[in-house]
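Here is a short briefing to read alongside the model on your screen.

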2 protein chains.
Amino acid sequence: MAEPRFFVPDANADQRIVPLPRDEAIHLTRVLRLRPDARVRVFDGRGSEWTARVVTAGRGDVSVELLEAVVPVREPAVAVTLAIGLLKGDQMDAVVRDATMLGASVIVPTRTAHVTVSSRAGRSGEPIDRWRRIAVASAKQCGRAVVPDIAAIRDVGELLAHAVPGDTWMCVEPRAAAGALDTGVLGAPRPAAALVLAGPEGGWAPEELALARARGVHAVHLGPRTLRAESAPLVALSALWTAWGW
Amino acid sequence: MAEPRFFVPDANADQRIVPLPRDEAIHLTRVLRLRPDARVRVFDGRGSEWTARVVTAGRGDVSVELLEAVVPVREPAVAVTLAIGLLKGDQMDAVVRDATMLGASVIVPTRTAHVTVSSRAGRSGEPIDRWRRIAVASAKQCGRAVVPDIAAIRDVGELLAHAVPGDTWMCVEPRAAAGALDTGVLGAPRPAAALVLAGPEGGWAPEELALARARGVHAVHLGPRTLRAESAPLVALSALWTAWGW
């Protein structure tokens, strides 16, 4: 996969020549300095990917010709939604980047009792746009043809109220009375979809844990050491795929 | 574990009053601004931990009284050595931090064919000292009483020459013909010790892969997406503990 990959949400099989979105056009011309006839790949973020050829490569005005549909990188067998308690800017960026690379289907930035970042975050929609761009960049790098959906910020109570009992895992502190997220907990049958909740830096409030247990959510720990809040999602997703198949 | 933890490699049960190393003393007085009588924890980096009381807290001159030995955070059942191809400064820092948090016993910075960072790195011993400080900081944060050993930089060929067939895993690109690092590959019996090799950004050279296979090393991938070089160790360790028990 040596060819550089570009995200073109409007690409579809009925069109031969497609324009690149502005960010992608800039990446192609100014960063990679590609010229007409260069071979690239194009993906639509929903699982389709093509080989393509650069047709025009002007400043911010790039179009490519779709050549052949290719078999995209396989998506996981389980559609995992990751709900992550809001973290500081760069930590949240890392979670979005890593969860995209680890195959999450949906990422839900989540407001919880112990979230410490300003609650203004997300009001304007600005951080959501930023996280979407990060998810696109990560999909480009890791070879994924699907860009996970970055949902609007939600409250953990609302998520738990709709959690499917048995198919929801809440990552908790090692001290909490809970089983490990291991092959035992993750035994068959593998669900079609799952929700994983990972807390903010301060962890979960007692009432959030109680609500989760009342809803039939599996409270699970990821080993006896205290994980950094921005690492826990990566560890949890790795554990899931180890048990369910990569 | 609300009490701040300090690394005192010379602490031992025969001594009642122990001085803190200079870095730790500065952390206690200038960052945390603790005073005499404050309750803290002390660990020796080899698995012993105590509750302690600050006795003197002068500038860079701190001593504590060891009170009671406590049960330290449990170490993994398998002693995993992580050999990691040399990465750029901040990426290498992240690997050392994360591998400490994920329970690695030994970290071996490794020179491989595709390593791109200056080969001067490690000649002076300076980066090794830096990685040791990062491992200490990570152990303090994650609650671990053991600080993994940061070995001297070695060549991957030398490591592979001594690899134990069957108990060594080499993380490879998704394209390579290899099985996944999942519960199948990691089936019983669980070894007492294991070696995990993760490559630099450019991955492994064909001759390195061939040597690994000749030595009976398991070549394994971590899913169909291309992982960032600094994330692969964290993903691999998470997979191991999921299968072997956290």
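On the face of helix 5 of chain A that is turned away from its buried side sit the exposed residues A:Pro206, A:Glu207 and A:Ala214; exposed is over 50% relative accessible area and buried is under 20%, with a 1.4 Å probe and protein chains only. This is a predicted model, where local features need pLDDT of at least 70 and side-chain atom pairs count only at pLDDT 80 or more, while totals for chains, interfaces and linings use all residues. Residues are numbered from 1 along each chain as its sequence is written, chains are lettered from A in the order in which they are written, and side-chain values use heavy atoms, without hydrogens and water.

**Helix 5 of chain A**
- Its buried residues are A:Glu208, A:Leu209 and A:Ala212.

**Where chains A and B meet**
- Chain B and chain A each bring 34 residues to the contact (heavy atoms within 4.5 Å).
- The buried area is about 2900 Å², with 62% from carbon and sulfur atoms; this is accessible area (1.4 Å probe) lost on being put together, summed over both parts.
- B:Met101, B:Arg225 and B:Trp246 supply 27% of what chain B buries against chain A, more than any other three residues.

Conventions. Buried area = accessible area lost by both parts, 1.4 Å probe. Helix = DSSP H or I, 4+ residues; strand = E, 2+ residues; numbered from the N terminus.
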